[in-house]
Amino acid sequence: MSNQRQQKPTLTGQRFKTRKRDEKERFDPSQFQESIIQGLNQTGTDLEAVAKFLDASGAKLDYRRYAETLFDILVAGGMLAPGGTLSEDVTPTEFCLFKAQEDIETMQAYAQLLLFLKGFTESERNKLAMLTGILLANGNLSASILSSLFNENLVKEGVSACFAVKLFKSWLSEKDISSVATSLRKVGMDNRLMELFPANKRSCEHFSKYFTDAGLKEISDFARNQQSIGARKELQKELQEQMARGDPLKDIIAYVREEMKKNNISEQTMIGLIWLSVMSSVEWNKKEELVTEQAIKLLKQYSPLLKAFTSQGLSELTLLLKIQEYCYDNIHFMKAFQKIVVLLYKADVLSEEAILKWYNEGHVTKGKSVFLEQMKKFVEWLKNAEEGKHLTVSFCSVFVSR
């Protein structure tokens, strides 16, 4: 047996290289910092240009992985070393929160950092959302910063809706829903909350379920109410356009009924909208004696439309209140109230019961004494008349033609 050690076999041939996608990319915050700061310094201090740069860089740089570094740069100008001092690895950027002007307008502009939420971890986003909610509640920020949440990518990935839940919970822990609603209305955000969801989920039902399940029924109810208000405004606008075109009343009635069903609008709400639409459909004469005649002529024309949406006693009372408020708010109509009511009674739009209910207890304070006095004789007749339809018609004819 040979004492010579046996040589170990060796592998020969081509050596396989590791595929690039299998190699773990090295974590290099310094390189990330250098890329971001260089880009920020080149864009200058224009916020829109900075936002475009950061948005474009998000496709190449891993904001999620370097979220902490990105936050340090945007707030302090560069990476923070242990102890809270700026790292000396690179010259800090001038575009950062700490070097900005000390005024509310500038701070609101920097609040657009919300655009880059996708780069933060869930815990970091939650903390930022809670802080933003508190700042909004205390009036340190304008609700206009919420427009950042409507960024298409944030919405698509569900980041916007999740962030909004944390933000509103924090806000409502400090203030009530009326305060939140007021802040949103001031900056036109009250009608945009549906945009927190992608187009295919942008419905009142989805929004309501999402926020109710998250324990924010107040926000759900607020959004539902805002959508209803928006739908009513659109309906009234379309109604006025149909009247201006002279569309047949049967077509207008069919359209209104369809919209009521689609938007869950009550008959009481609808009769108020129809009354305002009718009264807004003409240019009124400035002379008091002529405006009454003009109103009677117009309401005769549209009485079938009003009748179609006063099938309930409460709808009739609602219409009476709308007429009372309109005649009070428009001084030329103060003397026309009684003639309008009698006309609509004759046209079977208003019933005897509704008029008596309004007279005895259902009226409002606006012009109360004037209108009750105008209606006194007619109401007395309604209470005592027993001579049937002929008397009703002849009485109404006298009052309407006066």
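Author: Happy to! One term before we start: a residue counts as exposed when its relative accessible area is over 50%, and as buried when that area is under 20%. Please keep in mind that this is a predicted model.

The protein has 18 helices and zero strands. Of its 402 residues, 42% count as buried. Among contacts between residues at least 6 apart in sequence, 65% join residues at least 24 apart.

Now to the core itself. The largest nonpolar core has 58 residues, and those with the most contacts inside it are Phe-309, Ile-355 and Trp-358. Two or more residues each come from α10 (217-245), α11 (249-263), α12 (267-279), α13 (288-308), α14 (313-329), α15 (337-346), α16 (352-362) and α17 (368-384). The largest share, nine residues, is given by α13. As a general background, nonpolar side chains in soluble globular proteins tend to be buried together.

Leaving aside residues up to four places away in sequence, Trp-358 touches Leu-317, Leu-320, Leu-321, Gln-324, Phe-337, His-363, Phe-371, Leu-372 and Met-375.

Next, look at how two of the contributing helices meet. The axes of α12 and α14 come within 9 Å and cross at roughly 35°, and the crossing is right-handed. On the α12 side, the contact is made by Glu-267, Gln-268, Ile-271, Gly-272, Trp-275 and Met-279. From α14 come Leu-314, Ser-315, Thr-318, Leu-319, Lys-322, Ile-323 and Tyr-326. Sorted by class, this contact has seven nonpolar, four polar and two charged residues.

Asn-264 is in the loop between α11 and α12, and its phi is near 55°, a positive value in a residue other than glycine. Asp-348 is in the loop between α15 and α16, and Asp-348 also is not a glycine, yet has a positive phi of about 65°. For comparison, most residues other than glycine have a negative phi.

Technical notes
Residues are numbered from 1 along each chain as its sequence is written. This is a predicted model: local features need pLDDT of at least 70, side-chain atom pairs count only at pLDDT 80 or more; totals for chains, interfaces and linings use all residues. Side-chain values use heavy atoms; hydrogens and water are left out. A nonpolar core is a set of buried Ala, Val, Leu, Ile, Met, Phe, Trp, Tyr and Cys residues joined through side-chain atoms within 4.5 Å. Buried means under 20% relative accessible area, exposed over 50%, partly exposed in between (1.4 Å probe, protein chains only). Helices (H or I, at least four residues) and strands (E, at least two) are DSSP runs, numbered from the N terminus. Contact means heavy atoms within 4.5 Å. Axes are lines fitted to C-alpha atoms, for helices over the stretch in contact, and angles run from 0 to 180 degrees between N-to-C directions. A crossing is left-handed if the near helix is turned anticlockwise from the far one by less than a right angle, and right-handed if clockwise. Ala, Val, Leu, Ile, Met, Phe, Trp, Tyr, Cys and Pro count as nonpolar, Asp, Glu, Lys and Arg as charged, and the others, Gly among them, as polar.
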